[in-house]
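Thank you all for coming; I would like to take a few minutes to walk through one structure, beginning with the ligand and then moving on to the backbone. Please have the sequence and the model in view as we go.

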Amino acid sequence: MDTNLKQQAAEEAVTRFVRDRMTLGLGTGSTVYFALRKLGEELAAGRLKQIAGVPTSVDTERQAATFGIPLTNLRDHIPLDVTIDGADEVDDDLNLIKGLGGALLREKLVAASSQKLVIIVDESKHVTRLGSHVPLPVEVAQFAWQVQVPFLKSLGAHAQLRMSTATEPYVTDNGNFILDARFPGGIPDVRRVAEALAHRPGVVEHGLFLGMAHAVVLATVGGVQIMTI
Ligand code: 5RP
């Protein structure tokens, strides 16, 4: 993880994709933090005017308020113009794994309600095969969450309940649990896994974002690249 690269990706995305009077989806995470900070600076300096953001988590809502970014909601603004969000892994087709920060449900809903999804990452997140380095987060209902473990095993994954402390499970902003599903060697067929998860009772959302990103702003030590399809 390189904080400086995260900052470069975030600032480039704001400069390149955000304009006056836009409504924005505000993602979640340590890379998005720098985008929020940059948006706040641009607003304060008067270089950006009349933007409003929909936060994807309670954390982002707090940070946006700190940086003086006006907030709104999806009810009043569909579609949003642009969502800027981070990711845990990105492949060459701009498919993503998201959700290590726990905000995948709101992130996917906000992204799906946006005309453009711009992803900001440092080069450590760019992979050939999704699931190579990180588990796939799967948000599940608390009720009988245990039954999802053998289901995920049938898809080829070893799933573990995400914990907040040694004894307390992590609970999302939506009141659900998260199972982190690790696929040894990566996910061989992301469409098949996404399809299976979409139809599974008790699975509320999953962290595969397939065909959703319009651009990935990838910060490398050699400079910032814009990946598009
Ligand atoms: C949160 C996410 C984040 O976008 C993802 O985890 C990347 O976070 P970071 O920028 O801190 O590495 O999906 O649910």
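When I speak of a polar contact, I mean a pair of N or O atoms within 3.5 Å; within protein, one must be able to donate a hydrogen and the other to accept it, and residues adjacent in sequence count only if both atoms are side-chain atoms. With that in mind, an oxygen atom of the ligand lies 2.9 Å from an N or O atom in the side chain of K98, and a ligand oxygen is 2.5 Å from an N or O atom in the side chain of S30. The protein covers 91% of the 380 Å² of accessible area that the ligand has on its own, with areas taken from the Shrake-Rupley method with a 1.4 Å probe.

A word on the source: this is a predicted model, in which local features need pLDDT of at least 70 and side-chain atom pairs count only at pLDDT 80 or more, while totals for chains, interfaces and linings use all residues. Residues are numbered from 1 along each chain as its sequence is written, and side-chain values use heavy atoms, with hydrogens and water left out.

Which residues are closest to the ligand? Of the 18 residues that surround the ligand, the closest are S30, T31, D88, G99 and K125, where a residue counts as near if one of its heavy atoms lies within 4 Å. Helices α2 (30-44) and α4 (104-112) each supply at least two residues of this shell; helices here are DSSP runs of H or I with at least four residues, and strands are runs of E with at least two.

Turning to the strands, β4, β5 and β11 form an open sheet in that order, with antiparallel pairing, and the edge strands, β4 (89-90) and β11 (208-209), each pair on one side only. Two strands pair if DSSP finds at least two bridges between them, and β5 (residues 96-97) pairs with β11 over two bridges, with I97 standing opposite L208.

Finally, two backbone details deserve a look. Most residues other than glycine have a negative phi, and most peptide bonds are trans. R21, in the loop between α1 (3-17) and β1 (23-26), is not a glycine and yet has a positive phi of about 65°. A cis peptide bond, with omega about -5°, joins I78 and P79, and P79 is placed in the loop between α3 (58-66) and β3 (80-85).
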